[in-house]
Amino acid sequence: MKWQFIGPVSLGRALIRAGVPVHLAFSVAVRVVRDYLVVMSNAVSEALPNNPQLVVIDEPDLTDLEDDSFPIAPDTAIDLMSGAMAAVESNAVVGLHSCSDVSLGHLIAAGPHVLSVPVSPRLVDDAPKIAHFLQEGGWVAWGAVATGGPIGLSVERWCKKLASMWCGLVQGGCDATLLRRQSLVTPECGLALHSTESAALVTDQVHELAE
């Protein structure tokens, strides 16, 4: 079973926008996230005792992480994300998701077992980092089926986009076998704003593309 919750960096920034001082916002955020993850993971374990869990921390608000205007340093953000994942890594496989235009190096440094990112040509520039992540046993969940616009009736476009990026990653140093073995195919981002019918269509396309 896969479930997710907002990460401490994005929650901290939301609290700052609501008027909470910076030093307090992130302190509260990381405690809230850690406590919620533990409670939720235990609830899932009680309801489904033999069911493994994939817990994904969602950090949509990492844009400009390396900019001087960002309220905390990149190393601090990495520590916050790592601390949140550590709360449940004894009970679950932990992942980190971000749709932001952020360096994969920061996400990988936080220590996820699964890295969840939208398919993008820019990821080819991070081929060495992805190669090392795969060699260390990490998995990548590729957000390959778009969720932010009109939903097409064919996966051909998504297949070409994913294949093109994978070719670039292999040329950049990724092992093709590891890339195939340690990859998942997912929607690009969440389906919460979609109707049941369109969400079903997206998941059908994810399945077809994965095959």
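This is a predicted model: local features need pLDDT of at least 70, side-chain atom pairs count only at pLDDT 80 or more; totals for chains, interfaces and linings use all residues.
Residues are numbered from 1 along each chain as its sequence is written, and side-chain values use heavy atoms, without hydrogens and water.

**Exercise 1.** Determine how α1 and α2 pack and which residues form their contact.

Solution. Helices are DSSP runs of H or I with at least four residues, strands are runs of E with at least two, and both are numbered from the N terminus.
- Step 1: α1 (residues 8–17) and α2 (residues 22–47) have axes 8 Å apart at about 135°. Axes are lines fitted to C-alpha atoms over the stretch in contact, with angles from 0 to 180 degrees between N-to-C directions.
- Step 2: This angle makes α1 oblique to α2; under 35 degrees is roughly parallel, over 145 roughly antiparallel, 65 to 115 roughly perpendicular, and the rest oblique.
- Step 3: In the contact (heavy atoms within 4.5 Å), P8, V9, L11, G12, R13, L15 and I16 of α1 meet V22, A25, F26, V28, A29, V30, V32 and V33 of α2.
- Step 4: These residues comprise 13 nonpolar, one polar and one charged. Ala, Val, Leu, Ile, Met, Phe, Trp, Tyr, Cys and Pro count as nonpolar, Asp, Glu, Lys and Arg as charged, and the others, Gly among them, as polar.

**Exercise 2.** Describe the packing of α2 with α3.

Solution. 
- Step 1: The axes of α2 and α3 (residues 74–86) lie 8 Å apart at about 25°.
- Step 2: The two helices are therefore roughly parallel.
- Step 3: F26, V30, V33, R34 and L37 of α2 make the contact with L80, G83, A84 and A86 of α3.
- Step 4: By class, seven are nonpolar, one is polar and one is charged.

**Exercise 3.** State the class composition of the lining of the largest pocket.

Solution. 
- Step 1: The lining has ten nonpolar, seven polar and three charged residues.

**Exercise 4.** Locate H194 and identify its contacts.

Solution. 
- Step 1: H194 lies in the loop between β6 and α8 (196–210).
- Step 2: Leaving out residues up to four places away in sequence, H194 touches T147, I151 and A199.
- Step 3: The C-alpha atoms of H194 and G148 are separated by 9.6 Å, at 46 residues apart along the chain.
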